[in-house]
Amino acid sequence: MQLPQSVRIVDVGPRDGLQNEKQVVPTDTKVELIARLADAGVTTIEATSFVSPKWVPQMGDNAEVMARIVRRPGVAYPVLTPNLKGFEAALAAGAQEVAVFGAASESFSQKNINCSIAESLERFRPVTEAAQAAGVKVRGYVSCVAGCPYEGPIAPEKVAEVAETLISMGCYEISLGDTIGSGNPANITRMLEAVMKRVPVERLAGHYHDTYGMAAANIYASLQLGVAVFDASVGGLGGCPYAAGASGNAATEDVVWLLNGLGIETGIDLDRLVDTAVWISAALGREPASRVARAVLAKRAKAGCAS
Ligand code: HMG
Ligand code: MG
């Protein structure tokens, strides 16, 4: 199959990345990160989550983040909402797009959102209904699409079933989360083929954590099946607080490098993105984790020495 000509990247760093930091990141830093991502040309930036601050204190400033970001035309700032309470708070904070997040693993669903898969879907239904009434777009996540930290490999049919249910509730897109990065091109392809029997590929996104360094390979495998939306996290920030050992998402700069190499348009300026990865990593007291950021920095340093 021909690869897509363009890809939309959803930078989930401000949410998936920063939710996993040991210290709570200052609101100023979050707001600046979101602005820098928009400056680099990212058109969908997952800004925060409206979850319980007892469960995820790192996102406890959700309303403040939403109040302080300067919204650019053409840029979407979705937020996570696990239930109606979260949705109502997100709506009051001015969210125009939300995401419900379910799982294909019962154990992960319990650990992450304290209910079974079936119960979670019943909690999402009023969210999608309220969102529809308010003209708010809803994205759906399915976690553990390749493997679960508690149950091991997950059946592709289970992923397909949850994805189809979320679509039937009105989600415009399903983001397929390889939460612990246990995917590889073989099992991700099998999973996508099962899901695509029930949900059109135009409505699917890949959300691959890079725990074992397979995220780029998984994106390439997904592109070959026609997937054209990928979640990524600037600087490779992140993980999931309820999936021990899960590391960050595919680094956005690694994904843009891959897509640039394949001649696929993203609208993102790689240099500005690398600057953002360097900036947020420094703000968190470390070097950028991604290979591309490090390579670009090394090249810049060499060019600086030569001049
Ligand atoms: P619960 O304890 O079952 O909820 O938590 P509850 O309805 O029984 O309420 C308990 C308390 O929480 C009450 O407060 C509620 O008001 C409050 P209390 O009376 O004790 O003071 N509460 C809330 N507060 C703020 N916002 C809300 C909210 N809802 C209830 N929305 C709940 C259920 C879902 C709330 C909880 O389990 C939770 O917040 N979990 C956090 C999950 C999370 O954020 N996980 C990380 C994101 S998912 C992820 O990273 C995966 C992803 O990236 C894809 C992938 O990689 O696979 C998306
Ligand atoms: Mg994730």
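**Cysteines, a magnesium site and T27**

Colleague: Which is C148, buried or exposed?
Modeller: Buried means under 20% relative accessible area, exposed over 50% and partly exposed in between, with a 1.4 Å probe and protein chains only. C148 comes in at 4%, so it counts as buried.

Colleague: What kind of model is this?
Modeller: Residues count from 1 along each chain as written, chains are lettered from A and ligands numbered from 1 in written order, and side-chain values use heavy atoms, without hydrogens or water. Local features need pLDDT of at least 70, side-chain atom pairs 80 or more, while totals for chains, interfaces and linings use all residues, as this is a predicted model.

Colleague: How far from C148 is the nearest cysteine sulfur?
Modeller: A disulfide needs two cysteine sulfurs within 2.5 Å, and the structure holds zero of them. C148 is in none; the nearest sulfur, from C144, sits at 4.5 Å.

Colleague: Which residues donate to the magnesium ion (ligand 2)?
Modeller: Donors are N, O and S atoms within 2.8 Å of the metal (3.2 Å for Na, K and Ca); water is not among the atoms, so sites may look incomplete. Their sequence spacing is D-x190-H-x1-H. At 2.1 to 2.3 Å from the ion, the protein donors are D16 (OD), H207 (NE2) and H209 (NE2).

Colleague: What is the side-chain partner of T27 in a polar contact?
Modeller: T27 counts as buried because its relative accessibility is 13%. At 2.7 Å, the side-chain partner of T27 is D61.

Note on methods:
A polar contact is a pair of N or O atoms within 3.5 Å; within protein, one must be able to donate a hydrogen and the other to accept it, and residues adjacent in sequence count only if both atoms are side-chain atoms.
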